[in-house]
Amino acid sequence: MEGRYNPSLEGSIARAVDSLRSGMPVMIYDGDRREGEVDLVYYAGSVTWREVYTLRTLAGGLICFVTSERVGRLLGLPFAQELLLSQESLAPLASKTPGYGDPPAFSIWVNHVSVKTGISDEDRGITISGLHRVVEKAYSGLVGEARRMLREEFMSPGHVPILLARSLDRRRGHTELTVALGRLAGLPPSFVIAEMLGERWSLGLREAEAIARERRIPLLRGEEIVEACSRGEVCRGG
C-alpha cells in the first residue's frame, strides 16, 4: 500500500493516526487564514450508522465522503464545478469561488441503490460503506471492477456528497488535510467528514478544544499535518 504509516511519527500526529486506524474520530482545524473551522473525521472503513449519528449530533455539519482526486478520476468522477461550467445557463453560478478563495471540492451526490430514502443514519451508513468498497477496489488497481460497482450499486443525485482532494500544494482545505493525514496513517483515501457547528455559527476553536479534551479526541491544526507531510514523500500523489 502506498504511504504506509511511519512509526517515527510523534505527538499529536501519532495520536491522530492511531485514532483513525482504530476506528475512532479525529478533529481537524484548517487554520485561521482559511475557513477557521473544525471538522470531525472518521476513516470510512470504520463507519456504520453509529458513526453517522455521531457526525450528525456532535458535529452537525454536512456529512461528506472524501477521496482523492486521483481516485475520483479513476472512477470517472468529475468536480461538480466542471459539470456546471459545461452548462451555459449554470456557468455563471459555477464561475464564483468561496470567500476563502479555493475551488470547491464537491463532485456528485449519491445513494446506494439498496437504501430507502437515503437520509437516515442507517441509509447513509450503507452508502458510505459501499463507497468505501469502491475506493478500495480502485486504489488497489481493480479500476474496472470499481467503476462497475459505482455504476451498478449507486444512484445520483443522493444524500451523500463526494468530495475530491486536490494536492496540498494546490488546496489546503479539510478535504486535502484529511487525505494527507490518512496517507500518514497508511490508509486508502476513504474518509467521512462533517463541520462542527455551534449555535448560529461554526464551532469556535476554543469550544472544539474543550470537546476534544472531554471526549479524548485528537485535535490537529492544518499546519501540523502539512509539516508532517513536508518531511517526506508520503503525502504526495493520491
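In this predicted model, strand S3 (residues 64-68) and strand S5 (residues 154-165) run parallel and are joined by four bridges. Within this pairing, Thr 67 faces Leu 164 of S5 as its opposite residue. S5 also pairs with strand S4 (residues 106-112), this time in an antiparallel arrangement held by five bridges. Here Val 110 of the model is found opposite Val 160 in S5. As a reminder for reading these pairings, strands of a sheet pair through backbone hydrogen bonds, in either a parallel or an antiparallel manner.

Stepping back to the whole sheet, seven strands form an open arrangement in the order S4-S5-S3-S6-S2-S1-S7, and the pairing is mixed. From one strand to the next, the twist averages 40°. Elsewhere in the order, strand S1 (residues 26-29) and strand S2 (residues 38-43) are antiparallel and share four bridges. Val 26 has Val 41 in S2 as its bridge partner.

Helix H6 (residues 121-139) packs on it and touches S2, S3, S4, S5 and strand S6 (191-195). The direction of H6 makes about 55° with that of S5. Helix H10 (residues 222-230) packs on the sheet as well, with S1 and S7 as the strands it touches. For H10, the angle to the direction of S7 is about 70°.

Turning to the side chains, the structure holds two aromatic pairs. One of them joins Phe 106 and Trp 109, whose rings are stacked, with 6.2 Å from centre to centre and 10° between the planes. The pair counts as stacked because the angle between the planes is 10°, and planes under 30 degrees apart fall in that class. Both partners are partly exposed: the relative accessible area is 31% for Phe 106 and 33% for Trp 109. These values place the two residues between the limits for buried, under 20%, and exposed, over 50%.

A further ring takes part in a contact with a charge. The charged end of Arg 166 sits over the ring of Phe 79, at 3.9 Å from the ring centre.

Note on methods
Residues are numbered from 1 along each chain as its sequence is written. This is a predicted model: local features need pLDDT of at least 70, side-chain atom pairs count only at pLDDT 80 or more; totals for chains, interfaces and linings use all residues. Side-chain values use heavy atoms; hydrogens and water are left out. Rings of Phe, Tyr and Trp (its six-membered ring) pair if their centres lie within 6.5 Å; planes under 30 degrees apart count as stacked, over 60 as edge-to-face and the rest as tilted. Buried means under 20% relative accessible area, exposed over 50%, partly exposed in between (1.4 Å probe, protein chains only). A charge sits over a ring if NZ of Lys or CZ of Arg is within 6 Å of the ring centre and within 35 degrees of the ring normal. Two strands pair if DSSP finds at least two bridges between them. Helices (H or I, at least four residues) and strands (E, at least two) are DSSP runs, numbered from the N terminus. Axes are lines fitted to C-alpha atoms, for helices over the stretch in contact, and angles run from 0 to 180 degrees between N-to-C directions. Contact means heavy atoms within 4.5 Å.
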